[in-house]
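Subject: Structure handover

Hi,

Here is the structure for you to look at.

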Amino acid sequence: MITANGFPATRRPVLCHKVLRRRVLQGAGLVALFGLGDLPFGTAPALAAANDKYPDDAFRQKSDGDAIKALYGKTAEASDKVKLDAPEIAENGAVVPVSVATTLDNVTSIAFFVSENPNALAAHYKIPAGTLPNVANRLKMAKTCNVIAIVESGGKLYSATKEVKVTVGGCGG
């Protein structure tokens with residue numbers, strides 16, 4: 001039996017299936033793209049973070065004291081409420097895991113400084129309101145020195161310091 005389009009009833013053209021499948025997938029893709037445009041994915045905070053002033057001057061400072069002054073404009077006081085976790089001996093100075101946590105309220109920023117690196121400021125984080133003030137990172141350290149974590153809370157600066165020994169080739173010395 002021959003159908004109206006000239007093909008046998010038992011055999012359908014493969015070309016029609018491919019074209020139909022392609023059009024369905026294209027339509028589904030367009031619906032998905034246009035449909036996602038209306039969903040609130042929190043683009044406003046992302047744009048606000050992108051508009052924050054990047055602390056160029058602080059990242060260029062050679063000493064930790066100068067970098068802290070350039071970033072915050074004041075000095076920090078040591079606090080037992082800032083917990084800095086870093087290894088005592090780092091076998092690979094290229095990836096030294098560090099983390100900081102605090103029980104302070106209203107934390108607005110956290111920064112890591114490596115005193116003997118060519119540029120002392122290693123990382124700076126803005127902490128949005130309602131976020132747990134815990135940050136972890138892997139720092140590159142040129143040699144054995146102090147790692148300093150600064151937490152800004154309520155307009156004051158609090159710090160914790162720990163010496164990390166960097167071994168050459170993991171030999172423990």
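This is a predicted model: local features need pLDDT of at least 70, side-chain atom pairs count only at pLDDT 80 or more; totals for chains, interfaces and linings use all residues.

The largest pocket

The largest pocket holds about 240 Å³ of space. Its lining is made up of 13 residues. Nearest the centre of the pocket are Lys53, Pro55, Leu71, His124 and Lys126. H3 gives the largest share, with 4 residues. By type, the lining has 7 nonpolar residues, 5 charged and 1 polar.

The aromatic pair

How many aromatic pairs are there? The count is 1. The partners are Phe112 and Tyr125, with ring centres 6.5 Å apart. Their planes stand at 90°, so the pair is edge-to-face; the cut-off for that label is over 60 degrees. Phe112 sits in strand E5 (residues 107–114), and Tyr125 sits in strand E6. The pair therefore ties together parts that are 13 residues apart in sequence.

Are the two partners buried or exposed? Phe112 has a relative accessible area of 0%, so this residue counts as buried. The limit for buried is under 20%. Tyr125 comes to 25%, so this residue is partly exposed.

Best wishes

Methods:
Residues are numbered from 1 along each chain as its sequence is written. Side-chain values use heavy atoms; hydrogens and water are left out. On a 1 Å grid over the protein atoms alone, a cavity is a set of points where a 1.4 Å probe fits but cannot get out, and a pocket is an open set with protein on both sides within 12 Å along at least five of seven lines; lining residues have an atom within 4 Å of a point. Grid points are joined across faces, edges and corners, and a volume is the space filled by probe spheres set on the points. Helices (H or I, at least four residues) and strands (E, at least two) are DSSP runs, numbered from the N terminus. Ala, Val, Leu, Ile, Met, Phe, Trp, Tyr, Cys and Pro count as nonpolar, Asp, Glu, Lys and Arg as charged, and the others, Gly among them, as polar. Rings of Phe, Tyr and Trp (its six-membered ring) pair if their centres lie within 6.5 Å; planes under 30 degrees apart count as stacked, over 60 as edge-to-face and the rest as tilted. Buried means under 20% relative accessible area, exposed over 50%, partly exposed in between (1.4 Å probe, protein chains only).
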